[in-house]
Each structure stands twice: as structure tokens, then as C-alpha cells.
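Thank you all for making time this morning. Please have the sequence and the model open as I speak.

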Amino acid sequence: MHDWACGIAALAVILNVSTAAAQDCLGLAGDVGARITDLKKKADAAPGDVQNDYASATSKDYAKSFFTAFDDLNKKANEASQLVGQGYKLAGYTAVFQEGQIQTKMPPVVTNTMSNAEALAQVAADDDKTKLDILSLRCSQSTEQTALATYLAQADAGTVSAYKTAKYEACKVIHILADLQDKRQKLNDIRENGYPLFFLHAKDKKKFAGHSRTIQLKVDLRMFPIYPDKTMKVDGKDQPVLLGQIQGVDLSYNSYFKWSDDNWTTLNLYQYIISDTRKDDYTCAPYFHMTSHVEATLCVKVEAASADKLKVGAKAKFKYKGDTKEVGFGTQTIPAPFGYLADLSDMKEKKMQDLQSKVVHRVASLFDAYDAVSEKAEAWQKSCK
């Protein structure tokens, strides 16, 4: 009690205020510290809570690998402002191919800074109609608002460390929300525009019942991530994409057939392919009549699919005078960011919205705790500085 009284008296001399006023300042400083403790408690729990949200919406394995990858990426980040995420730059990678083009490389990896994350997370919050000012936490800055900065400048090392840790964990959740928003935007772009695989041309001369004819095929093949509300014949698994094995992809293609000296014939199809068929299996469309005597069809197969590539083949079959011949491209290996979007491509749109909304509200809860810290710091500064 004697030490406490001496501390109050010393503070009164330093601040040139009454002993009662000094006592009030100590109380207000204690209030700020208590709010920081509360913020840290909530911020420490938030990443784990969000990981559980992801696990419920996707799978435990995916959630664990995703959060581990984020932590590994940020091992050297000492402050919230240094946190980064990674994604792919899809601009220019969903454009329509010209004849002869084939996808030969993955889109470039891009780094999303904390500033990028703030902007993306704000879009997610606005979509959720949450009145949340992401910038107020200053995740992309190493400085705090004036009152809080003044308080931290005179606080003990333990309190300063607690605040920095709380800010780091809160901003980590903002980065996770930003990543979800970024992936949803990219997934919707690919779902709408497709991801080009190749636009190839094959030509060969074949003999049909003793008659030599030139047959040609052009295929402009694009991949569309599956919408899970579409009827699919995938046995028993609600979310087969999440483990990195693409069980189904939509392949949309324009195909063009040419028989001998006739004009090109266009066959526009939308074909659903199941990738777990036997490796020599092609899925063929019904034959159509190119002429009164010639029939043709397009056959496509997905030989294998993984997180970062797709092996796909395409060929045409021509029927003439009871004989059938083929022309095609063989199997092509196409790099594509399947794994990057795997967590979302097999989720129903409503489920994605629910996950994003849940994360937004967890961020909002952290901001409530942060606002309490700011308010107490302002009250402390107003009375004691």
C-alpha cells in the first residue's frame, strides 16, 4: 500500500496534477491495459476458430494444409504489416486462344501484401453489408492512432508485446478473409469465362473402303470448374476436389470438322467428363451428319488430373461407306491452377457465402475489442496528457 501511495504521489509530481487526478490516470491506464488483454485473448483464439470454420465448410485436411502454408509463408514476419499471402495472376490467362495455342505454363504467382489484403477484406465486409472499416486497425502500418501510440510509448514491455501479438493475429484473420475473397473472384471469373487449355488443328489422309479422303479437326478446349449443384455421377463424395483429385471438370469446346474439300462444319458442344474412367476411354458425342454420306463425332478424355495439371485428349471419328477413321491430337498435359481453387470449386455458392460471412463476423468481433482499446486510450490521453 505504501508503494502504491508513493507511486501515486510521484505521478502527481510528474504530471503536475493532484493526487486524485494521478490516481484517475493510473486507473485509466489500467483500463487500457485490461482492454488490450481482452483483445489479445480474442485475437489468439480467432485463427483457430476461423480454421474450424474452414474445416466445416471444406475439410479438416484442406483447412490444416492451408493454414500451415500461410504460417510457413510468414515465418519471418515480425509485425502485422509484414504479413503476406500468395495467389495467381489470372489476367490474360482466361482470354480466348488463337488457333495453334496451347497452355504451357501456370499463371504467375503473385504476392498479396497486407495492403492488398485490407482492400480485399473490405470488399468482403461490404458484400456482407457489415459496417466495418478494415483500415482502422492499421494492419498495413507499423504505427497506431495517436492516443494508442502515446499510451504504448509509456507502457511496460509486456503490455506492448501483448498488443503487437493481438494485432498480428487479428491481421492474420484479415489476410485469410482477403484470400477467400480473392479466390472467390477468380473462381467466378473462370466459371464465367473458362480456362483455355488448347486450340489445336489435326489433319490426316485416310482410306475409307478404298477411297482416300483428307479429314481435319480443330478443337478449342476450355475448362470450367464444376458447379456442385449440377447433377454429377460421382460416387458418394460430397467434396471430391478437396483432396486434390479432380473427380470431374466441365470441358466446353468449339469443334470444327472438315471432310475432303467440303467447307468446315462447326459443332458446338458442352460435355461433362468424369476423370476416373479407364485411361483408354474417350467420351464421344452422338454422330452428326456432315453430308448425306459422312458422319462425324468428337471424343474427349481426361486421362489424369491433379492439383496443378490436367492430361486431356481429343479426337474426331469420321464414318464413310461403312468405314470409321480417326484424327486427333493425342494426350496433352496442360498446367492449370486446379489445386489453388480446389477448396472453393466444389462448394455450393451458398456455402461459400456462409463461410465468408462467418469470417467477416469474426473479424467484426475483433474490431469491437480493438475499438474498446482505442476508446480507453483516448480517454486516458484526454485526462492525463
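Which cysteine forms a disulfide with C284, and how far apart are their sulfur atoms? The partner is C299, and the two sulfur atoms lie 2.0 Å apart, where a disulfide is taken to be a pair of cysteine sulfur atoms within 2.5 Å. The torsion about the S-S bond is 110°, and the link of C284 and C299 is right-handed. This pair links distant parts of the chain, with C284 in strand 7 and C299 in strand 9, 15 residues apart.

What we are looking at is a predicted model, in which local features need pLDDT of at least 70 and side-chain atom pairs count only at pLDDT 80 or more, while totals for chains, interfaces and linings use all residues. Residues are numbered from 1 along each chain as its sequence is written, and side-chain values use heavy atoms, with hydrogens and water left out.

As for the elements, helices (H or I, at least four residues) and strands (E, at least two) are DSSP runs, numbered from the N terminus. On that basis the chain has eight helices and eleven strands.

Let me return to the two ends of that link, and ask whether each is buried or exposed. Here buried means under 20% relative accessible area, exposed means over 50%, and partly exposed is in between, with a 1.4 Å probe and protein chains only. C284 has a relative accessible area of 33% and is therefore partly exposed, whereas C299, at 0% relative accessibility, counts as buried.

How many disulfides does a search of the whole structure find? It finds three, and if the bonded cysteines are numbered in sequence order, the pairing reads 1-6, 2-3, 4-5.

Take next the disulfide formed by C25 and C384, with sulfur atoms 2.1 Å apart. With -115° about the S-S bond, this link of C25 and C384 is left-handed. C25 lies in helix 2, residues 19–57, and C384 in helix 8, residues 349–384, so the pair ties together parts that are 359 residues apart in sequence. C25 counts as buried because its relative accessibility is 6%, and C384 counts as buried at 9%.

The remaining one joins C139 to C171, with an S to S distance of 2.0 Å. The torsion about the S-S bond of C139 and C171 is about -90°, so this disulfide is left-handed. C139 lies in the loop between helix 4 (114–127) and helix 5 (146–154), while C171 lies in helix 6 (residues 157–193), so the pair ties together parts that are 32 residues apart in sequence. Both C139 and C171 are buried.

Now to the strands, where two strands pair if DSSP finds at least two bridges between them. To which strands is strand 9 joined? Strand 7, residues 283–284, runs antiparallel to strand 9, residues 294–305, and two bridges join them, with T283 having V300 as its bridge partner in strand 9. Strand 8, residues 288–289, also pairs with strand 9 in the antiparallel sense over two bridges, and there H289 has E295 as its bridge partner. A hairpin through four residues joins strand 8 to strand 9.

On to strand 10, residues 309–320, which runs antiparallel to strand 9 and is joined to it by eleven bridges. Within this pairing, K301 stands opposite G313 in strand 10, and the hairpin that joins strand 9 to strand 10 passes through three residues.

T297 is buried because its relative accessible area is 1%. Counting a contact as heavy atoms within 4.5 Å, and leaving aside residues up to four places away in sequence, T297 touches F257, C284, A285, P286, Y287, F288, K315, A316 and K317. The C-alpha atoms of T297 and K319, 22 residues apart along the chain, are separated by 8.9 Å.

Finally, the chain as a whole. Of its 385 residues, 48% count as buried, and residues 24 or more positions apart account for 70% of the contacts with a separation of 6 or more.
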